[in-house]
Amino acid sequence: MAIYFTVDLDKLAARCLYLDRIENTIGRRQVITRIQAFRDELLNARIPLPVSAL
């Protein structure tokens, strides 16, 4: 049994927070590197939880 789903590509792309970073890439490696840089920035931007919340 197969399962199919569809998406509105324009709406999906609009939610991509790093789309502007990968627009002018040429190869797969460039895309991977730019997405990883974006993720690293997110990790650095997160606000740490107070010790009492842990």
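Predicted model: local features only at pLDDT ≥ 70, side-chain atom pairs only at ≥ 80, totals over all residues.

The side chains of Arg21 and Glu41 form a salt bridge, with an N to O distance of 3.0 Å. Arg21 belongs to helix H2 (residues 19–22) and Glu41 to helix H3 (residues 28–45), so the pair ties together parts that are 20 residues apart in sequence. Side chains of opposite charge can pair when their charged atoms come close. The count for the model is 1 salt bridge.

Thr25 is located in the loop between H2 and H3. Thr25 counts as buried because its relative accessibility of 18% is under the 20% limit. A polar atom of the Thr25 side chain lies 2.8 Å from the backbone oxygen of Ile22. Beyond its neighbours within four places in sequence, Thr25 is in contact with Gln30, Val31 and Arg34.

The accessibility values are collected here.

| Residue | Relative accessible area | Class |
|---|---|---|
| Thr25 | 18% | buried |

As for confidence, the chain has a mean pLDDT of 86, and 89% of its residues reach 70 or more. Confidence is lowest in helix H1 (residues 9–14), with a mean of 88, and highest in H2, with a mean of 92.

Definitions and conventions
Residues numbered from 1 in each chain as written. Heavy atoms only, no water. Salt bridge = Lys/Arg side-chain N within 4 Å of Asp/Glu carboxyl O. Helix = DSSP H or I, 4+ residues; strand = E, 2+ residues; numbered from the N terminus. Buried < 20%, exposed > 50% of the residue type's maximum accessible area, 1.4 Å probe, protein only. Polar contact = N/O pair within 3.5 Å; in protein donor to acceptor, adjacent residues only side chain to side chain. Contact = heavy atoms within 4.5 Å. pLDDT = per-residue confidence, 0-100.
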